[in-house]
Amino acid sequence: MRLFLASSSPRRSDILSQFGIPFEVIPNCLEDECLETAVSLRMAVRRLALEKAVRSVGDISGLILGVDSIVVCDGHVIGKPRDRMHVRDIIGGLQGRSHQVITAFGLVDTVHNRNLSRSDIATVTIRSMTGPAMDRYSREAPVLDKAGAYGVQDETFPIVEKVIGSRYT
């Protein structure tokens, strides 16, 4: 059965490729939306990931994978930065502290008409940064498409001090 990834995220493609999983990228038919506050954030991320897969079905025959992640610090969801100044604000608020990353996937099996969703949580600590390091990071780091304005996998700007849980979360 073929696997379709309902995401244009290079990170999601990299993870599947690292594990040798063959897949095809298809358009994600759902924009990132505000998360429901009436349910837990973990459940809301699971619903959003599954909805991304469901809305991308079309006439595809196979498995469709939708994935989403959020960063949560002190109960507040931290989205993707709006611009470079917002990168500085987000990282300034996260540095020297721990926060949670919730990642969920939704898998739709169009052949057997079934679906599944799961989630995982990791606790991440961002190292403290000096003024010049913060300036360089906020100016140059490729993070405008990343919730929390950072990527655990970023080797050019390694600002993650510690991860408790999976680094793939």
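Me: How is the accessible surface of this predicted model defined, and what does the protein come to?

Reply: Accessible areas come from the Shrake-Rupley method with a 1.4 Å probe. On that basis the protein has an accessible surface of about 9300 Å², and carbon and sulfur atoms hold 52% of that area.

Me: What makes the pair of D109 and H112 a polar contact?

Reply: The term requires a pair of N or O atoms within 3.5 Å, one able to donate a hydrogen and the other to accept it. The side chains of D109 and H112 make such a contact at 2.9 Å. A polar atom of the D109 side chain also lies 3.0 Å from the backbone nitrogen of V111.

Me: Where is D109 placed, and which residues does D109 touch beyond four places away in sequence?

Reply: D109 belongs to strand β5, which covers residues 98–109. Leaving out residues up to four places away, D109 touches M1, G62, L63 and R114; contact here means heavy atoms within 4.5 Å.

Me: How do you know whether the radius of gyration agrees with that of a compact globule?

Reply: For 169 residues, a compact globule would have a radius of gyration near 15 Å. The protein has 17 Å, which agrees. The C-alpha atoms fill a box of roughly 55 × 35 × 30 Å along the principal axes.

Notes
Residues are numbered from 1 along each chain as its sequence is written. This is a predicted model: local features need pLDDT of at least 70, side-chain atom pairs count only at pLDDT 80 or more; totals for chains, interfaces and linings use all residues. Side-chain values use heavy atoms; hydrogens and water are left out. The radius of gyration is taken over C-alpha atoms; the globule rule is 2.2 Å times the number of residues to the power 0.38. Helices (H or I, at least four residues) and strands (E, at least two) are DSSP runs, numbered from the N terminus.
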